[in-house]
Amino acid sequence: MERSDSVASLVAAAREGDSDAWDALVERYLPLVMAIIARHRLFGADADDVNQTVWLRLVEHLGQLREPEALPGWIATTTRHECLRALRTGARVVPVDPQAASPLDRVVEIVDLEDELVAAQRHQALREALDRLPAPRRELLLLLLADPPVPYGEISRRLGIPVGSIGPTRARALEQLRRSPELRVLAATETIGMGR
């Protein structure tokens, strides 16, 4: 399979046991897994354990994934949970120097990392949802978010649309983003996470 295959087609082929599809999924999402592991400052055997566990969980749950396009979010969430589990397990056996900084510093550091990962997951989901939009709507939203702000007249000129249609088009694009599988899965994941 080529890297340009859609996530949905790779997931469907992997469910059927296609080893090339599995290889393509791992190749595509291994950098995401390793980046999350690195953000949690896990290295060596701990990092290897988390990496292997994430892919094992994918093998176990791939058949239950309702929206294949949500796979990147699922992988990111699973990796984050496995990293936090590894950190909790490791925290039980870490020797503490009574003259060193407070052990609570480590807890604060873990909480900060989790916040960073949630933000990274949101950013990734938004990027994927934006990629689903038709190019004109995506370009409009990106121009509206530019820093410094792009005046409506310039947006109208660049996109070839009337100034009066910018607001309604923006509203339709935002509604389409809200309905995207990536953002719906992210919202559901965060709701579940808040319930814990």
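Is Arg85 buried, exposed or partly exposed? Let me begin with that residue, and let me say at the outset that what we are looking at is a predicted model. Arg85 comes out as partly exposed, with a relative accessible area of 34%.

Its partner in a salt bridge is Glu82, with the side chains meeting at 2.9 Å, N to O. Glu82, by contrast, is buried at 9% relative accessibility, because buried here means under 20%. The two residues, Arg85 and Glu82, are 3 residues apart in helix 4, which covers residues 71-93, and that places them about one helical turn from each other. As a general point, side chains of opposite charge can pair when their charged atoms come close.

Now to helix 3, residues 44-61, where Glu60 and Arg57 are likewise separated by 3 residues, or about one helical turn. Glu60 forms a salt bridge with Arg57, and the closest N and O atoms are 3.4 Å apart. As for accessibility, Glu60 is partly exposed at 42%, and Arg57 is partly exposed at 27%.

The next pair is in helix 8, where Arg178 and Glu175 lie 3 residues apart, about one turn of the helix. Their salt bridge has its closest N and O atoms 3.2 Å apart. Arg178 counts as exposed, with a relative accessibility of 51%, whereas Glu175 is partly exposed at 34%.

Where does the side chain of Ser180 reach? The answer is the backbone oxygen of Leu177, at 2.8 Å. Ser180 is buried, with a relative accessible area of 5%, and, leaving aside residues up to four places away in sequence, Ser180 touches Ala129 and Arg132.

I will finish with helix 6, residues 135-144, and ask which of its residues are buried. They are Leu140, Leu141 and Leu143. When one looks down the axis of helix 6, these buried residues fall within an arc of 165 degrees, and therefore they line one face of the helix.

Note on methods:
Residues numbered from 1 in each chain as written. Predicted model: local features only at pLDDT ≥ 70, side-chain atom pairs only at ≥ 80, totals over all residues. Heavy atoms only, no water. Buried < 20%, exposed > 50% of the residue type's maximum accessible area, 1.4 Å probe, protein only. Helix = DSSP H or I, 4+ residues; strand = E, 2+ residues; numbered from the N terminus. Arc of directions from axis to C-beta. Polar contact = N/O pair within 3.5 Å; in protein donor to acceptor, adjacent residues only side chain to side chain. Contact = heavy atoms within 4.5 Å. Salt bridge = Lys/Arg side-chain N within 4 Å of Asp/Glu carboxyl O.
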